[in-house]
Amino acid sequence: MRLYIKYMVSLRCKLIVKEELRKLGLDYTALELGMVEVREDLSAKQHDQLKTNLFQSGLELMDDKKSILIEKIKNLITEMIHYSVKLPTINYSDYISEKLGYDYTYLSNIFSQVKGITIQQFIILHKIEKVKELLLYNELTLTEISYQLHYSSVAHLSNQFKKITGFSPSFYKRLKQKRKSNLEDL
């Protein structure tokens, strides 16, 4: 039986789900961001208890098919940008459609209706968060970050970064370094 869990976006969330399943004596065969597959069907009591326990940890057991599909899209994008070693070489729309087995136009329309932004805007927001993370680690140049995240150029990345954050990537990096040095002076 597959269960879909909203807000399950990190390894910490996976640990919480594992622990809640253990408490209820439930075995699982698969555990991914946003989804867990348990060996046996849950009783109504187990379902309600799991739902309550997950909710207390900031997670939500989902029953609505549209919400489940939205969560699958969000988790696929999160996993693709933040946890994959390498981004897909095909268009994101083709990748998402292929992975979820739905027409991209259908997915895009549902996502926009429910979330109020397009899938492309959601991808851009996550890519900018990844850029921030990579800038803070200070291991890659802006050119390397641009290449890794499939931007057409450093200028394109910089323009998108400034549009979303209000800062240029170099100013953002200096701002973080200044904040760090101020904390070290305390």
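Strand 1 (residues 2-6) and strand 4 pair antiparallel through three bridges. Strands here are DSSP runs of E with at least two residues, and helices are runs of H or I with at least four, numbered from the N terminus. Pairing requires at least two DSSP bridges between two strands. The model is predicted: local features need pLDDT of at least 70, side-chain atom pairs count only at pLDDT 80 or more, and totals for chains, interfaces and linings use all residues. Numbering starts from 1 along each chain as its sequence is written, and side-chain values use heavy atoms, without hydrogens and water.

- Four strands make an open antiparallel sheet, ordered 2-3-1-4.
- Strand 2 (28-32) and strand 4 (60-62) are the edges, each pairing on one side only.
- Neighbouring strands are turned by 25° on average, direction ignored. Axes are lines fitted to C-alpha atoms, for helices over the stretch in contact; angles run from 0 to 180 degrees between N-to-C directions.

**Strand pairs**
- Tyr4 has Met62 in strand 4 as its bridge partner.
- Strand 1 and strand 3 run antiparallel, joined by three bridges. Arg2 is opposite Glu37 of strand 3.
- Strand 2 and strand 3 are antiparallel, with four bridges. Ala30 also faces Glu37 in strand 3.
- Two residues separate strand 2 from strand 3 in their hairpin, where Gly34 has a positive phi near 85°.

- Helix 1 (residues 11-23) touches strand 1, strand 2 and strand 3 (35-38). Contact means heavy atoms within 4.5 Å. The direction of helix 1 makes about 155° with that of strand 2.
- Helix 3 (residues 65-83) packs against strand 1 and strand 4, its direction at about 70° to that of strand 1.
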